Amino acid sequence: MKTGAQCILEGLQKAGVKTVFGLPGGAVLDIFAQLYRSPLQFVLARHEQGATHMADGFARATGKPGCCLVTSGPGATNTVTGLATAHMDGVPVVCISGQVPSSMIGNDAFQEADTTGITRAVTKHNYLIGSVDDVPRIVAEAFHIAATGKPGPVVIDVPKDVQQATTRAETPETVSLRGYRPTTGGHPKQIAKLAAAINRARKPLFYAGGGVIAGNAAAELTALARKAKAPVTTTLMGLGAFPETDPLSLRMLGMHGSVAANRAVDACDLLVAIGARFDDRVTGKISEFAPHAAKAHIDIDPSAIDKSVAVEIPVVGHVKHILKELADQIEPTDRSDWLAQVREWQEKHPFAYNTRARQPLPQYIIEQIYKLTRGKAVIVTDVGQHQMWAAQFYKYTRPRTFLSSGGLGTMGYGLPAAIGAQVGVPGKTVVAIAGDGSIQMNFQEMVVAVERNLPIKVVIMNNGYLGMVRQWQEMFYNKEYSATDLRDAAQQTHPTGKGGRRPAYRPDFVKLARAHGALAIRVRTKQDVRPALTRALDAEGPVLIECLVRREENVYPMVPPGASLTEMVHSMA
């Protein structure tokens, strides 16, 4: 006989889990009692949102499901943003939450919340366990669901009495769920139809998303593109799916994508979407998206087909298998004119910035990170201008080297996700790039990096603004910087009314990092950048670098909201 808590730990180990992130509490103490005796590594976060992002970063960096363990009520509700982040980007995470005893559910007991009801919209699936006999099966099912088909988060809510009850049930060796059988092999006729369309096309373009990385299909995409002699553009989530140093790479497309990628979308006669979902930040004005192209869509999720953009050739299945079969049917074709055209766009319109600026610019700093890490680091970002600059000025050549919240756009993601990534891939250099606004949302997790001596390097682009929101206010709201100036926020919201001004306030991130026990460096000049980065990369433990950058630097190019990809803004001039 085993308790429900013992069954959970046994299920985790059988699922291959070696690390759990989380925070304890009264409703989950029975599981923590078993965890104390288990061989699993437990990483104590300082906030449940941080724990969920750690599990997410671990999953993105390793390709294995991340796991977090939290208590009931506020412990579970604090995971919602992290679960929504993973859900939007298709990341496999299993979150186990404690719950009040079954007899007390619905009675507004202490630290009770309807966890399954609250998380239903932000998870792939969730469970409220009613019987201890179901625990082994449900744990096995949760990991199966999280990792198969389109990956996503799964919640297991476990009442305290279920944790304490005993059962003879065993963890099943295999999982078979009625009604859940994701298609893996693509339909042969559809694959043949797509191959024929590629062979006929004069100006084909491959548009790759995060599904290529989730499906471990980067090698297959590269082989297909090179055989077809077709250029490749990627989404933000697809960075690393195709080597950006390859001549066929057009880099990222969309709102802040490259001119070459966006012009190629407009000019191509066949657009093949691979593991991408036609996000609004990619398409711009849908009625003018790829107006001259026949469209194909390869995706394991049938609900993604025709969801935003109608396609002529849908292929449902696992992208790795489909790309391999597709490549076998591709014929040699001369596309020198098309490749010459996209090469001209690339040469005339690269990502650029004012290289003569004396003040350190974020773009320059990220270029130096790329050079000093030789393009081999795992880059983790928060959300904002720095996220877009990290996408533009660091070249990604391998999958699982760019981790960021794409769909939900979660500020506060970067630091805890970098911790999870470093735990998952301890031999790699992990660099977290953040803004001074986003880093404050989960800065408490810095102590986790310190106590475990995780060698993450945190680079803060401090411009004193909520930068991306300020840029939109500059461009579309008459430069009315409402609640975005972080150095003068008190004056904006609470003017003295007597003609005086409160002194501007700037949090000292160097002191904050040192208070947590981390090495910290401040960069004020352009000449400081390389020495600071070199020192940080050579250090054994966590390092924070605060870079005082130009306050009103903007991200370009930019496609204004509601505009087509051809209506890119290159500067405010």
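Q: Is Lys428 buried, partly exposed or exposed?
A: This is a predicted model, in which local features need pLDDT of at least 70 and side-chain atom pairs count only at pLDDT 80 or more, while totals for chains, interfaces and linings use all residues. Residues are numbered from 1 along each chain as its sequence is written, and side-chain values use heavy atoms, with hydrogens and water left out. Buried means under 20% relative accessible area, exposed over 50%, and partly exposed in between (1.4 Å probe, protein chains only). The relative accessibility of Lys428 is 42%, so this residue counts as partly exposed.

Q: Where is Lys428 found?
A: Helices (H or I, at least four residues) and strands (E, at least two) are DSSP runs, numbered from the N terminus. Lys428 belongs to the loop between helix H18 (414–424) and strand E17 (430–435).

Q: How many salt bridges does the structure hold?
A: Side chains of opposite charge can pair when their charged atoms come close. A salt bridge is a side-chain nitrogen of Lys or Arg within 4 Å of a carboxyl oxygen of Asp or Glu. The number of salt bridges in the structure is 21.

Q: What is the N to O distance in the salt bridge of Asp56 and Arg60?
A: Both residues lie in helix H3 (residues 48–62), 4 residues apart, about one turn of the helix. Asp56 is buried at a relative accessible area of 0%, and Arg60 is buried at 9%. Their side chains meet with an N to O distance of 2.6 Å.

Q: How many residues apart in sequence are the parts that the pair of Arg551 and Asp485 ties together?
A: The side chains of Arg551 and Asp485 meet in a salt bridge of 3.0 Å, N to O. Arg551 lies in the segment after strand E20 (543–548) and Asp485 in the loop between helix H20 (467–476) and helix H21 (489–493), so the pair ties together parts whose separation in sequence, in residues, is 66.
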